[in-house]
Amino acid sequence: MKILYVITGLGQGGAERVVCDLADAMVQKRHQVRIVYFVGEVLTRPICEGIELTKVSLTNLISLPAAYILLSKIIKSYQPDVVHSHMVHANILTRLVKIVTPMNRLISTAHSSNEGGALRMLAYRLTNRLADVSTNVSNTAVASFESRYAVPKKGMKAIYNGVNFDDFSYSTQAKIAIKDELGLDQNCKVILAVGRFNKAKNYLNLLRSIRFLKNANSIPFVLIIAGDGELRSEIERHIIELELDKEVILLGRRSDISTLMSACDTFVLSSDYEGLPTVLIEALACQANVVSTDVSGAREILDGYGSIVPIRKPEALAKAIEANLLIEQKNILGRQYAKDKFDIKIISDEWVEIYHEK
């Protein structure tokens, strides 16, 4: 089978990692795969070297006609059995290309309960009939799209993101290595957050919770954040204003996320909205004890193997983090549960069935 994946970009987001892992899994199943992306530099790529990456520049409305024509030419030349688009820009453009370019099977996958405002939801609704299958990454995200009339009732399937558990596993040496790197005392508890510095992640909520924790807790701790993004300077300003410069370390982009997750005493997600926060699956894979806000998909992932608090409630988040810091044992059962449900080998089998549906 020839599969063409179309995605908005190949940055360091969760959706990008999910698509690359899926592409690798399909190659391992002896399918032929190619990836088209629209914006930015390639920061996340498949492991399989034979997967061709092609950029179709789409940065504004002026570049739209050229991008439309080039994507159409790629599809006609490659002649895939399945075109599988991911994220809003790729989904809408690929659907529009189908008007003039025959496709054997077009699948559109959204990756969030919130992929934009009313205009984007209208675009989804108006182009819905052009996709053979529409999916989202959690049941909660599907319900959100239905409630906003982006898709008709029962017009969208929930297919979970898959994680490569070979890349995410617990390392007994991680904690010592990370503490040595950062110059931390071995008695210091490590709280970890991972993700882009953007509005959805609501790092201010996390920083406020750390302020509560600092004032109420005698346990020595540090929060380390792996990631970068457009709100970095704003986050740095909040750290100073909240007097947390000794409690918070910004690591920037890291390639050793599995090591960081193995090293932490508590992993925390402070987001306001997600689709299926794959980072929680990755944390469970590394046997981390997890705290998350009650965002889309969090309950479907954790299912009792982590703590969930309301969004935008920093004091509640602080109390949950504090309770988790007192847990001495690793989350071994959480890893096994997550592997049985979210392993890329299982999820890729589900996709193959959908690719073959008539």
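Here is our conversation about ring pairs, charges, cysteines and contacts.

Colleague: Before we start, what kind of model is this, and which pLDDT do local features need?

Modeller: This is a predicted model, where side-chain atom pairs count only at pLDDT 80 or more, totals for chains, interfaces and linings use all residues, and local features need pLDDT of at least 70. Residues are numbered from 1 along each chain as its sequence is written, and side-chain values use heavy atoms, leaving out hydrogens and water.

Colleague: Thanks! Is the pair of Tyr160 and Phe342 stacked or edge-to-face?

Modeller: Rings of Phe, Tyr and Trp (its six-membered ring) pair if their centres lie within 6.5 Å; planes under 30 degrees apart are stacked, over 60 edge-to-face, and the rest tilted. The structure holds five such aromatic pairs. For Tyr160 and Phe342, the centres are 5.2 Å apart and the planes stand at 65 degrees, so the pair is edge-to-face.

Colleague: How many residues apart are these two in the chain?

Modeller: Helices (H or I, at least four residues) and strands (E, at least two) are DSSP runs, numbered from the N terminus. Tyr160 sits in the loop between β7 (157–158) and α6 (174–182), while Phe342 belongs to helix α13 (residues 332–342).

Colleague: Is Phe342 buried or exposed?

Modeller: Buried means under 20% relative accessible area, exposed over 50%, and partly exposed in between (1.4 Å probe, protein chains only). Phe342 has 0% relative accessibility, so Phe342 is buried.

Colleague: What about Tyr305 and Tyr337: is that pair stacked or edge-to-face?

Modeller: Tyr305 lies in the loop between α11 (298–302) and β13 (307–309) and Tyr337 in helix α13, so this pair ties together parts 32 residues apart in sequence. Tyr305 is partly exposed at 31% relative accessibility, and Tyr337 is buried at 14%. The ring centres are 4.7 Å apart with 15 degrees between the planes, and the pair is stacked.

Colleague: Which ring does Lys2 lie over?

Modeller: A charge sits over a ring if NZ of Lys or CZ of Arg is within 6 Å of the ring centre and within 35 degrees of the ring normal. Arg34 lies over the face of Tyr78, at 5.8 Å from the ring centre. Lys2 is at 4.6 Å from the ring centre, over the face of Tyr78.

Colleague: On to salt bridges: which residue does Lys98 meet in one?

Modeller: A salt bridge is a side-chain nitrogen of Lys or Arg within 4 Å of a carboxyl oxygen of Asp or Glu, and a search of the whole structure finds 21 of them. Lys98 is in helix α3 (residues 88–98), and its partner is in the loop between α4 (118–127) and β6 (133–136), 34 residues away. The N to O distance is 3.3 Å, and the partner is Asp132.

Colleague: How many disulfides does the structure hold?

Modeller: A disulfide is a pair of cysteine sulfur atoms within 2.5 Å. The sulfur of Cys286 is 8.2 Å from the closest cysteine sulfur, in Cys264, which is too far for a bond. The number of disulfides is zero.

Colleague: Last one: which residues does Thr94 touch?

Modeller: Thr94 lies in helix α3 and is buried, at 0% relative accessibility. Contact means heavy atoms within 4.5 Å. Not counting residues up to four places away in sequence, Thr94 touches Val6, Leu71, Val83, Ser85, Met103 and Leu106.
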